[in-house]
Amino acid sequence: MQISKQKSFSAVINFAIGFFFLSLLATKGAYNWMPFFCGVLGIGYSLFLLTRKTKLAFSKDDKWIICCYVFYFTVFLISLFIHKGNVRELDNPSRALVFIPVLILLLQIRLLPQVLIYCIPLGAIIAGGIAIYDRFVSQVWLAFSPRIMHIQGGDIAMSLGIFSLVLGFYSLERKMQKTALLCFSAVIFGIIGSLLSGARGGWIGLPLFIIFSLWFYRHYLSKKFFIGAISIFILAAIGAAQTSEMRVMERFNQAKYDITSYLSGKNTSTSLGARFDMWKGAVLMIKEKPILGWGVKGYQEKQTQQVSEGTISEYAGTFKHAHNQYLDVLTKYGLLGILALLGVFILPLRIFIQGLKTAGNSTVKMTAILGIMHIISAMTYCLSQSFFNHNSGNIFYFFLVIVFYAMMRTEQQRAKHE
(Lines give C-alpha, C1' and ligand atoms only; values in the text may rest on other atoms or scores of the structure.)
Protein backbone atom coordinates (compact mmCIF):
# COMPACT_ATOMS: atom_id res chain seq x y z
CA MET A 1 0.00 0.00 0.00
CA GLN A 2 1.30 3.44 -0.87
CA ILE A 3 2.21 5.59 2.06
CA SER A 4 -0.07 8.36 0.78
CA LYS A 5 -3.06 6.04 1.31
CA GLN A 6 -2.23 5.22 4.88
CA LYS A 7 -4.53 7.68 6.60
CA SER A 8 -3.22 7.01 10.09
CA PHE A 9 0.37 7.72 9.05
CA SER A 10 -0.71 10.88 7.24
CA ALA A 11 -2.54 12.01 10.38
CA VAL A 12 0.64 11.54 12.44
CA ILE A 13 2.67 13.69 10.04
CA ASN A 14 0.04 16.41 9.94
CA PHE A 15 -0.13 16.37 13.74
CA ALA A 16 3.67 16.71 13.92
CA ILE A 17 3.67 19.73 11.58
CA GLY A 18 0.84 21.39 13.48
CA PHE A 19 2.43 20.75 16.88
CA PHE A 20 5.69 22.26 15.61
CA PHE A 21 4.01 25.66 15.22
CA LEU A 22 2.16 25.38 18.53
CA SER A 23 5.22 24.40 20.59
CA LEU A 24 7.95 26.44 18.85
CA LEU A 25 8.67 28.85 21.70
CA ALA A 26 6.75 27.09 24.49
CA THR A 27 9.76 25.62 26.27
CA LYS A 28 13.50 25.27 25.86
CA GLY A 29 14.44 23.26 22.78
CA ALA A 30 10.82 22.69 21.72
CA TYR A 31 11.64 23.70 18.15
CA ASN A 32 13.73 20.49 17.90
CA TRP A 33 11.03 17.98 18.74
CA MET A 34 8.83 17.69 15.66
CA PRO A 35 11.54 18.32 13.03
CA PHE A 36 13.62 15.57 14.68
CA PHE A 37 10.58 13.27 14.72
CA CYS A 38 9.89 13.97 11.03
CA GLY A 39 13.58 13.49 10.27
CA VAL A 40 13.56 10.01 11.84
CA LEU A 41 10.41 9.09 9.89
CA GLY A 42 11.91 10.52 6.69
CA ILE A 43 15.13 8.53 7.05
CA GLY A 44 13.15 5.40 7.86
CA TYR A 45 10.91 5.90 4.83
CA SER A 46 13.91 6.56 2.56
CA LEU A 47 15.55 3.31 3.75
CA PHE A 48 12.26 1.50 3.14
CA LEU A 49 12.25 2.76 -0.45
CA LEU A 50 15.85 1.61 -0.92
CA THR A 51 15.06 -1.91 0.29
CA ARG A 52 12.12 -2.05 -2.11
CA LYS A 53 14.29 -0.55 -4.87
CA THR A 54 11.56 2.00 -5.48
CA LYS A 55 12.37 4.74 -7.96
CA LEU A 56 11.00 8.16 -7.14
CA ALA A 57 10.15 10.63 -9.89
CA PHE A 58 11.68 13.90 -8.73
CA SER A 59 10.65 17.05 -10.53
CA LYS A 60 13.21 19.63 -11.64
CA ASP A 61 12.32 21.82 -8.68
CA ASP A 62 12.68 18.89 -6.25
CA LYS A 63 16.18 18.32 -7.56
CA TRP A 64 17.08 22.02 -7.24
CA ILE A 65 15.97 22.06 -3.60
CA ILE A 66 17.94 18.90 -2.82
CA CYS A 67 21.04 20.10 -4.68
CA CYS A 68 21.17 23.49 -2.96
CA TYR A 69 20.79 21.80 0.46
CA VAL A 70 23.56 19.31 -0.34
CA PHE A 71 25.85 22.04 -1.69
CA TYR A 72 25.26 24.16 1.43
CA PHE A 73 26.42 21.31 3.69
CA THR A 74 29.29 20.38 1.37
CA VAL A 75 30.81 23.87 1.58
CA PHE A 76 31.03 23.59 5.36
CA LEU A 77 32.51 20.11 5.02
CA ILE A 78 35.18 21.38 2.60
CA SER A 79 36.01 24.26 4.96
CA LEU A 80 36.36 21.81 7.85
CA PHE A 81 39.11 19.91 6.02
CA ILE A 82 40.86 22.98 4.60
CA HIS A 83 40.97 24.87 7.89
CA LYS A 84 41.32 21.75 10.08
CA GLY A 85 38.31 22.71 12.12
CA ASN A 86 36.25 20.92 14.74
CA VAL A 87 33.63 18.36 13.64
CA ARG A 88 31.08 20.24 15.76
CA GLU A 89 31.17 22.97 13.12
CA LEU A 90 29.04 20.68 10.94
CA ASP A 91 26.26 20.49 13.53
CA ASN A 92 24.20 23.45 12.29
CA PRO A 93 24.67 23.04 8.51
CA SER A 94 23.90 19.31 8.84
CA ARG A 95 20.26 20.28 9.44
CA ALA A 96 19.94 21.05 5.74
CA LEU A 97 21.11 17.53 4.91
CA VAL A 98 18.87 15.83 7.48
CA PHE A 99 15.74 17.47 6.08
CA ILE A 100 16.19 16.02 2.57
CA PRO A 101 14.58 12.71 3.65
CA VAL A 102 11.78 14.79 5.19
CA LEU A 103 11.17 16.32 1.75
CA ILE A 104 11.01 12.83 0.20
CA LEU A 105 8.49 11.83 2.86
CA LEU A 106 6.30 14.92 2.66
CA LEU A 107 6.06 14.74 -1.12
CA GLN A 108 4.22 11.42 -0.67
CA ILE A 109 1.70 12.74 1.86
CA ARG A 110 -0.88 15.46 1.62
CA LEU A 111 -0.28 18.11 4.25
CA LEU A 112 -3.70 19.48 5.09
CA PRO A 113 -4.06 23.25 4.58
CA GLN A 114 -6.15 23.36 7.77
CA VAL A 115 -3.03 22.48 9.74
CA LEU A 116 -1.37 25.74 8.66
CA ILE A 117 -4.55 27.81 8.74
CA TYR A 118 -5.21 27.08 12.41
CA CYS A 119 -1.90 26.00 13.96
CA ILE A 120 0.19 28.93 12.69
CA PRO A 121 -2.07 31.67 14.15
CA LEU A 122 -2.53 29.69 17.36
CA GLY A 123 1.25 29.34 17.52
CA ALA A 124 1.62 33.11 17.11
CA ILE A 125 -0.91 33.71 19.90
CA ILE A 126 0.94 31.26 22.17
CA ALA A 127 4.27 32.96 21.36
CA GLY A 128 2.83 36.39 22.11
CA GLY A 129 1.24 35.08 25.31
CA ILE A 130 4.56 33.61 26.45
CA ALA A 131 6.30 36.94 25.75
CA ILE A 132 3.66 38.79 27.80
CA TYR A 133 4.08 36.27 30.63
CA ASP A 134 7.88 36.62 30.55
CA ARG A 135 7.77 40.40 30.59
CA PHE A 136 4.93 41.16 33.00
CA VAL A 137 4.66 38.10 35.25
CA SER A 138 8.19 36.69 35.40
CA GLN A 139 9.66 40.20 35.01
CA VAL A 140 12.16 38.98 32.42
CA TRP A 141 13.74 41.99 30.71
CA LEU A 142 13.92 40.30 27.29
CA ALA A 143 11.06 37.95 26.42
CA PHE A 144 11.86 34.34 25.45
CA SER A 145 15.36 34.56 26.95
CA PRO A 146 14.71 31.81 29.54
CA ARG A 147 14.04 29.36 26.67
CA ILE A 148 15.88 30.60 23.60
CA MET A 149 18.30 33.36 22.60
CA HIS A 150 15.96 36.39 22.72
CA ILE A 151 16.78 37.73 19.23
CA GLN A 152 16.04 34.32 17.69
CA GLY A 153 12.82 34.08 19.67
CA GLY A 154 11.71 37.57 18.65
CA ASP A 155 12.42 36.88 14.98
CA ILE A 156 10.52 33.58 15.05
CA ALA A 157 7.56 35.25 16.76
CA MET A 158 7.58 37.94 14.05
CA SER A 159 7.58 35.24 11.35
CA LEU A 160 4.55 33.56 12.94
CA GLY A 161 2.81 36.94 12.86
CA ILE A 162 3.74 37.46 9.20
CA PHE A 163 2.48 33.97 8.29
CA SER A 164 -0.77 34.70 10.13
CA LEU A 165 -1.22 37.87 8.07
CA VAL A 166 -1.00 35.85 4.85
CA LEU A 167 -3.41 33.26 6.21
CA GLY A 168 -5.81 36.04 7.24
CA PHE A 169 -5.98 37.31 3.66
CA TYR A 170 -6.34 33.74 2.40
CA SER A 171 -9.26 33.23 4.78
CA LEU A 172 -10.94 36.41 3.54
CA GLU A 173 -10.52 35.19 -0.03
CA ARG A 174 -12.20 31.91 0.96
CA LYS A 175 -15.04 33.76 2.78
CA MET A 176 -13.88 32.37 6.15
CA GLN A 177 -14.48 35.49 8.24
CA LYS A 178 -14.11 33.89 11.69
CA THR A 179 -10.82 32.26 10.71
CA ALA A 180 -9.63 35.57 9.26
CA LEU A 181 -10.38 37.24 12.60
CA LEU A 182 -8.32 34.58 14.39
CA CYS A 183 -5.42 35.10 11.98
CA PHE A 184 -5.43 38.90 12.18
CA SER A 185 -5.56 38.70 15.99
CA ALA A 186 -2.57 36.37 15.83
CA VAL A 187 -0.63 38.97 13.81
CA ILE A 188 -0.84 41.33 16.79
CA PHE A 189 0.41 38.65 19.18
CA GLY A 190 3.32 37.77 16.89
CA ILE A 191 4.38 41.41 16.67
CA ILE A 192 4.00 41.85 20.44
CA GLY A 193 6.25 38.83 20.96
CA SER A 194 8.90 40.43 18.75
CA LEU A 195 8.60 43.82 20.44
CA LEU A 196 8.88 42.40 23.95
CA SER A 197 11.96 40.39 22.96
CA GLY A 198 13.79 43.58 22.04
CA ALA A 199 14.89 42.02 18.73
CA ARG A 200 15.05 44.99 16.35
CA GLY A 201 15.92 42.96 13.25
CA GLY A 202 12.33 41.86 12.71
CA TRP A 203 10.94 45.38 13.00
CA ILE A 204 12.81 46.65 9.95
CA GLY A 205 11.07 44.37 7.49
CA LEU A 206 7.57 44.51 9.03
CA PRO A 207 6.21 47.38 6.87
CA LEU A 208 7.63 45.62 3.81
CA PHE A 209 5.91 42.33 4.69
CA ILE A 210 2.57 44.08 5.22
CA ILE A 211 2.88 45.80 1.83
CA PHE A 212 3.79 42.49 0.16
CA SER A 213 0.77 40.75 1.70
CA LEU A 214 -1.60 43.52 0.62
CA TRP A 215 -0.11 43.43 -2.87
CA PHE A 216 -0.45 39.64 -3.26
CA TYR A 217 -4.14 39.79 -2.29
CA ARG A 218 -4.96 43.19 -3.79
CA HIS A 219 -7.53 41.72 -6.22
CA TYR A 220 -9.62 40.39 -3.34
CA LEU A 221 -9.48 43.43 -1.06
CA SER A 222 -11.53 46.60 -1.32
CA LYS A 223 -10.16 50.14 -1.11
CA LYS A 224 -11.90 50.49 2.26
CA PHE A 225 -9.98 47.49 3.55
CA PHE A 226 -6.68 48.95 2.31
CA ILE A 227 -7.36 52.28 4.00
CA GLY A 228 -8.57 50.57 7.19
CA ALA A 229 -5.58 48.20 7.34
CA ILE A 230 -3.05 50.99 6.82
CA SER A 231 -4.80 53.18 9.40
CA ILE A 232 -4.82 50.38 11.98
CA PHE A 233 -1.14 49.68 11.35
CA ILE A 234 -0.21 53.37 11.79
CA LEU A 235 -2.27 53.68 14.99
CA ALA A 236 -0.82 50.43 16.34
CA ALA A 237 2.73 51.61 15.56
CA ILE A 238 2.11 54.94 17.32
CA GLY A 239 0.52 53.15 20.29
CA ALA A 240 3.42 50.70 20.58
CA ALA A 241 5.92 53.53 20.34
CA GLN A 242 4.19 55.44 23.13
CA THR A 243 3.83 52.42 25.43
CA SER A 244 6.85 52.27 27.69
CA GLU A 245 6.51 48.55 28.37
CA MET A 246 6.93 47.78 24.65
CA ARG A 247 10.30 49.59 24.81
CA VAL A 248 10.06 50.62 21.14
CA MET A 249 11.10 54.24 21.63
CA GLU A 250 13.61 53.17 24.25
CA ARG A 251 15.25 50.83 21.75
CA PHE A 252 15.08 53.50 19.05
CA ASN A 253 16.71 56.11 21.29
CA GLN A 254 19.29 53.55 22.37
CA ALA A 255 20.12 52.93 18.71
CA LYS A 256 20.58 56.69 18.15
CA TYR A 257 22.85 56.91 21.18
CA ASP A 258 24.89 53.88 20.05
CA ILE A 259 25.44 55.34 16.58
CA THR A 260 26.35 58.80 17.88
CA SER A 261 28.71 57.37 20.49
CA TYR A 262 30.42 55.16 17.95
CA LEU A 263 30.93 57.89 15.35
CA SER A 264 32.28 60.31 17.97
CA GLY A 265 34.54 57.64 19.47
CA LYS A 266 33.02 58.33 22.87
CA ASN A 267 31.85 54.76 23.45
CA THR A 268 32.23 51.88 20.99
CA SER A 269 31.24 49.17 23.47
CA THR A 270 27.49 49.44 22.91
CA SER A 271 25.10 47.06 21.18
CA LEU A 272 25.30 48.76 17.78
CA GLY A 273 28.85 49.97 18.36
CA ALA A 274 30.01 46.40 18.83
CA ARG A 275 28.18 45.43 15.64
CA PHE A 276 29.92 48.22 13.70
CA ASP A 277 33.27 47.05 15.03
CA MET A 278 32.52 43.43 14.19
CA TRP A 279 31.45 44.41 10.67
CA LYS A 280 34.60 46.51 10.23
CA GLY A 281 36.77 43.66 11.44
CA ALA A 282 34.94 41.19 9.17
CA VAL A 283 35.44 43.38 6.09
CA LEU A 284 39.16 43.60 6.80
CA MET A 285 39.36 39.82 7.14
CA ILE A 286 37.44 39.30 3.89
CA LYS A 287 39.94 41.47 2.02
CA GLU A 288 42.78 39.23 3.17
CA LYS A 289 41.15 35.85 2.39
CA PRO A 290 38.18 36.35 0.06
CA ILE A 291 37.98 32.92 -1.61
CA LEU A 292 37.91 30.32 1.18
CA GLY A 293 37.82 32.55 4.24
CA TRP A 294 39.49 32.01 7.59
CA GLY A 295 37.50 29.14 9.03
CA VAL A 296 35.96 29.28 12.51
CA LYS A 297 39.22 28.88 14.41
CA GLY A 298 41.09 31.30 12.14
CA TYR A 299 38.31 33.86 12.53
CA GLN A 300 38.57 33.76 16.31
CA GLU A 301 42.38 34.01 16.23
CA LYS A 302 42.29 36.95 13.79
CA GLN A 303 39.60 38.66 15.86
CA THR A 304 41.81 38.37 18.96
CA GLN A 305 44.64 39.95 16.98
CA GLN A 306 42.35 42.82 15.89
CA VAL A 307 41.48 43.49 19.53
CA SER A 308 45.14 43.56 20.57
CA GLU A 309 45.93 45.94 17.69
CA GLY A 310 43.03 48.23 18.66
CA THR A 311 41.22 47.69 15.34
CA ILE A 312 38.05 46.66 17.17
CA SER A 313 36.98 47.07 20.78
CA GLU A 314 37.57 44.41 23.42
CA TYR A 315 33.79 44.11 23.82
CA ALA A 316 33.32 43.38 20.10
CA GLY A 317 36.01 40.72 20.38
CA THR A 318 33.92 38.71 22.83
CA PHE A 319 31.43 37.72 20.10
CA LYS A 320 32.05 34.57 18.06
CA HIS A 321 30.23 35.79 14.96
CA ALA A 322 29.79 39.05 13.10
CA HIS A 323 26.08 39.63 13.92
CA ASN A 324 25.48 39.68 10.17
CA GLN A 325 25.06 36.31 8.50
CA TYR A 326 26.38 37.45 5.13
CA LEU A 327 29.57 38.98 6.55
CA ASP A 328 30.04 36.07 8.94
CA VAL A 329 29.84 33.51 6.13
CA LEU A 330 32.10 35.54 3.86
CA THR A 331 34.67 35.88 6.62
CA LYS A 332 34.73 32.23 7.65
CA TYR A 333 33.92 30.45 4.37
CA GLY A 334 34.72 33.00 1.66
CA LEU A 335 33.00 33.40 -1.70
CA LEU A 336 32.15 29.70 -1.79
CA GLY A 337 30.29 30.06 1.50
CA ILE A 338 28.28 33.11 0.47
CA LEU A 339 27.35 31.33 -2.77
CA ALA A 340 25.99 28.42 -0.75
CA LEU A 341 24.07 30.73 1.60
CA LEU A 342 22.53 32.72 -1.25
CA GLY A 343 21.71 29.41 -2.93
CA VAL A 344 19.50 28.22 -0.07
CA PHE A 345 17.74 31.59 -0.23
CA ILE A 346 17.44 32.42 -3.92
CA LEU A 347 16.77 29.00 -5.47
CA PRO A 348 13.77 28.14 -3.23
CA LEU A 349 12.57 31.75 -3.51
CA ARG A 350 12.59 31.48 -7.30
CA ILE A 351 10.60 28.23 -7.10
CA PHE A 352 7.99 29.78 -4.81
CA ILE A 353 7.65 32.80 -7.11
CA GLN A 354 7.12 30.46 -10.06
CA GLY A 355 4.52 28.61 -8.01
CA LEU A 356 2.78 31.90 -7.37
CA LYS A 357 2.69 32.71 -11.06
CA THR A 358 1.35 29.30 -12.05
CA ALA A 359 -1.00 28.91 -9.09
CA GLY A 360 -4.22 27.26 -10.20
CA ASN A 361 -6.06 27.65 -6.92
CA SER A 362 -5.99 29.75 -3.77
CA THR A 363 -4.29 27.08 -1.64
CA VAL A 364 -1.32 26.78 -4.00
CA LYS A 365 -1.08 30.57 -4.01
CA MET A 366 -1.22 30.68 -0.20
CA THR A 367 1.60 28.16 0.26
CA ALA A 368 3.72 29.92 -2.36
CA ILE A 369 3.27 33.26 -0.57
CA LEU A 370 4.12 31.67 2.78
CA GLY A 371 7.34 30.36 1.23
CA ILE A 372 8.21 33.76 -0.22
CA MET A 373 7.55 35.58 3.06
CA HIS A 374 9.49 32.96 5.03
CA ILE A 375 12.61 33.31 2.87
CA ILE A 376 12.54 37.12 2.63
CA SER A 377 12.00 37.49 6.38
CA ALA A 378 14.95 35.16 7.11
CA MET A 379 17.11 37.15 4.70
CA THR A 380 16.11 40.29 6.60
CA TYR A 381 16.94 38.79 10.00
CA CYS A 382 20.39 37.86 8.69
CA LEU A 383 21.25 41.53 8.16
CA SER A 384 21.63 42.22 11.88
CA GLN A 385 21.89 38.72 13.32
CA SER A 386 23.81 35.55 12.48
CA PHE A 387 20.53 33.66 12.28
CA PHE A 388 22.07 30.39 11.09
CA ASN A 389 24.75 30.33 13.76
CA HIS A 390 22.00 29.12 16.09
CA ASN A 391 20.38 25.69 15.98
CA SER A 392 16.95 27.33 16.21
CA GLY A 393 17.56 29.40 13.09
CA ASN A 394 18.72 26.42 11.02
CA ILE A 395 15.79 24.22 12.01
CA PHE A 396 13.19 26.96 11.64
CA TYR A 397 14.40 28.02 8.21
CA PHE A 398 15.29 24.72 6.51
CA PHE A 399 12.38 22.75 7.94
CA LEU A 400 9.74 25.29 6.92
CA VAL A 401 11.13 25.69 3.39
CA ILE A 402 10.56 21.93 3.04
CA VAL A 403 7.08 22.07 4.61
CA PHE A 404 5.82 24.98 2.48
CA TYR A 405 7.39 23.60 -0.69
CA ALA A 406 6.02 20.07 -0.18
CA MET A 407 2.53 21.42 0.45
CA MET A 408 2.71 23.64 -2.62
CA ARG A 409 3.82 20.70 -4.79
CA THR A 410 1.15 18.28 -3.54
CA GLU A 411 -1.58 20.93 -3.92
CA GLN A 412 -0.38 21.60 -7.48
CA GLN A 413 -0.69 17.89 -8.23
CA ARG A 414 -4.19 17.79 -6.77
CA ALA A 415 -5.20 20.79 -8.84
CA LYS A 416 -4.10 18.99 -12.02
CA HIS A 417 -6.35 16.01 -11.28
CA GLU A 418 -9.42 17.95 -10.24
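Predicted model: local features only at pLDDT ≥ 70, side-chain atom pairs only at ≥ 80, totals over all residues.
View 1. Residues are numbered from 1 along each chain as its sequence is written, and side-chain values use heavy atoms, leaving out hydrogens and water.

The two rings make an edge-to-face pair, 5.4 Å centre to centre with 80° between the planes. Here, rings of Phe, Tyr and Trp (its six-membered ring) pair if their centres lie within 6.5 Å; planes under 30 degrees apart are stacked, over 60 edge-to-face, and the rest tilted. Phe345 sits in helix α13 and Tyr397 in helix α15, so the pair ties together parts 52 residues apart in sequence. Helices are DSSP runs (H or I, at least four residues), numbered from the N terminus.

**View 2. Phe345 also pairs with Phe388, this time tilted: 5.8 Å centre to centre, 35° between the planes.** Phe388 comes from the loop between α14 (362-381) and α15 (391-417). Relative accessible area is 0% for Phe345 and 4% for Phe388.

**View 3. Zooming out, ring pairs link a cluster that includes Tyr69, Phe76, Tyr333, Phe345 and Phe398.** The whole structure has 23 aromatic pairs.

**View 4. Two charges sit over Trp rings (NZ of Lys or CZ of Arg within 6 Å of the ring centre and within 35 degrees of the ring normal): Arg218 over Trp215, and Lys289 over Trp294.** The charged end of Arg218 is 3.6 Å from its ring centre; for Lys289 it's 4.2 Å.

How values were computed. Helix = DSSP H or I, 4+ residues; strand = E, 2+ residues; numbered from the N terminus. Buried < 20%, exposed > 50% of the residue type's maximum accessible area, 1.4 Å probe, protein only.
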